[in-house]
Amino acid sequence: MEKKMSAGHKILMYLMLTVIAVIFMFPLIWMVVSSFKDDAGIFSDITGIMAFLPTFKSDVFFNYKEVLGRIPLAKAMLNSFSYIIFAIALGLVVNSMAGYAFARLKFPGKNIIFSILIAVMVIPAQTVMLPQFSIIYKLGLADSYVALVLPVIASPMYIFLFRQNFLGIPESIEEAAKLDGASAMRTFFQLIVPLAKPIYATVTILVFIALWNDFVWPVMVISDTNKQTIQMALSSLFSISPVNYGNVMAGLTIVTIPVLVIFLLLQKYYVAGIASTGAKN
């Protein structure tokens, strides 16, 4: 009887999670469906169930063709991919090594420095944008991809995530490596990094989504239209009169695809990485 109740509870839980997932997917479904409609169809269907049902015309992808013709979306996506790849690669190295230092190494003031790091996490990013812009401008890095990458390499939150993950790795593994004569760098890159794949995947997803959706900072430091990011290109759809919301939905659908692909590819590592950050001191 107990097993039947347990199975029933499990089925009920999955049903509830499915319903919740569908509810949260409504905006995404509406966006994709609206990308196949003209403005009149979008606004006439917005209050009923037809808002979530496509009404295909003879030219199904007319909005997609128009948006690709109105703005250099492909070029903007390539620009975003280019600087995000460098930001992720450098960020993974810097943040993971800093997290490892806080998790394993002993040095004067470690706890104080880590407390300051945690305190910095509560400071809104917007409050430091003007000082950052001033520094970037004085260094002569404005209107370059370096200006996009440099401020996001190190992050208190990602250092914290790496540190928590490394605390969950048994120290006996490193002690055995030391007995075999392995250096600290070799131990880190050959033993710790492979064991910490989930947290690397987690941080990769978080950084990609944050930078892919970033709009304010790129607008501040990039003025060359040939270097504009994906969000900058999308924003131009609202500056072209009249605003075509079918085109906007098509553009949003296109730029959402890479995020979904990245998340689906790294999904299992993402869940494991988040779970592993609950390690105790």
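**Helix packing, aromatic pairs and selected residues**

At 35% relative accessibility, phenylalanine 26 counts as partly exposed in this predicted model. A search of the whole structure finds 18 aromatic pairs. One of them joins phenylalanine 26 to phenylalanine 52. The ring centres lie 5.0 Å apart, and the planes are 40° from each other. Phenylalanine 26 belongs to helix 1 (residues 2–34), whereas phenylalanine 52 sits in the loop between helix 2 (39–45) and helix 3 (62–70). The pair thus ties together parts that are 26 residues apart in sequence. Phenylalanine 52 is also partly exposed, with a relative accessibility of 29%.

Aromatic residues also form a cluster. Tyr100, Phe162, Phe166, Phe188, Phe189 and Tyr200 make up one such group.

In one, the axes of helix 4 (residues 73–104) and helix 11 (residues 197–212) come within 9 Å. They cross at roughly 140°. The two helices are therefore oblique to each other, because an angle must be over 145 degrees to count as roughly antiparallel. The crossing of helix 4 with helix 11 is right-handed. Helix 4 contributes Met77, Ser80, Phe81, Tyr83, Ile84, Ala87, Ile88, Leu92 and Ser96 to the contact. Helix 11 contributes Tyr200, Val203, Thr204, Val207, Phe208, Leu211 and Trp212. By class, the residues of this contact are 13 nonpolar, three polar and no charged. Tyr200 takes part in this contact and is also a member of the aromatic cluster.

The other crossing involves helix 5 and helix 8 (residues 156–167), whose axes come within 8 Å and cross at roughly 125°. Helix 5 is therefore oblique to helix 8. This crossing is left-handed. On the helix 5 side, the contact is made by Phe114, Leu117, Ile118 and Val120. On the helix 8 side, Pro156, Ile159, Phe160 and Arg163 take part. The residues of this contact divide into seven nonpolar, no polar and one charged.

Threonine 253 is located in helix 14 (residues 245–276). Its relative accessible area is 9%, so threonine 253 is buried; the limit for this class is under 20%. With residues up to four places away in sequence left out, threonine 253 touches Met31, Val32, Ser35 and Tyr64.

Glutamine 126 lies in the loop between helix 5 (110–120) and helix 6 (129–138). Glutamine 126 counts as exposed, at 58% relative accessibility. In sequence, glutamine 126 and tryptophan 217 are 91 residues apart. In space, their C-alpha atoms are 9.1 Å apart.

Aspartate 143 is found in the loop between helix 6 and helix 7 (145–149). Its phi is positive, at about 65°, although aspartate 143 is not a glycine. The relative accessibility of aspartate 143 is 22%, so this residue counts as partly exposed.

How values were computed
Residues numbered from 1 in each chain as written. Predicted model: local features only at pLDDT ≥ 70, side-chain atom pairs only at ≥ 80, totals over all residues. Heavy atoms only, no water. Axes fitted to C-alpha atoms, helices over the stretch in contact; angles between N-to-C directions. Helix = DSSP H or I, 4+ residues; strand = E, 2+ residues; numbered from the N terminus. Parallel < 35°, antiparallel > 145°, perpendicular 65-115°, else oblique. Left-handed = near helix turned anticlockwise from the far one by under 90°. Contact = heavy atoms within 4.5 Å. Nonpolar A, V, L, I, M, F, W, Y, C, P; charged D, E, K, R; others polar. Phe/Tyr/Trp six-rings, centres within 6.5 Å; stacked < 30°, edge-to-face > 60°. Buried < 20%, exposed > 50% of the residue type's maximum accessible area, 1.4 Å probe, protein only.
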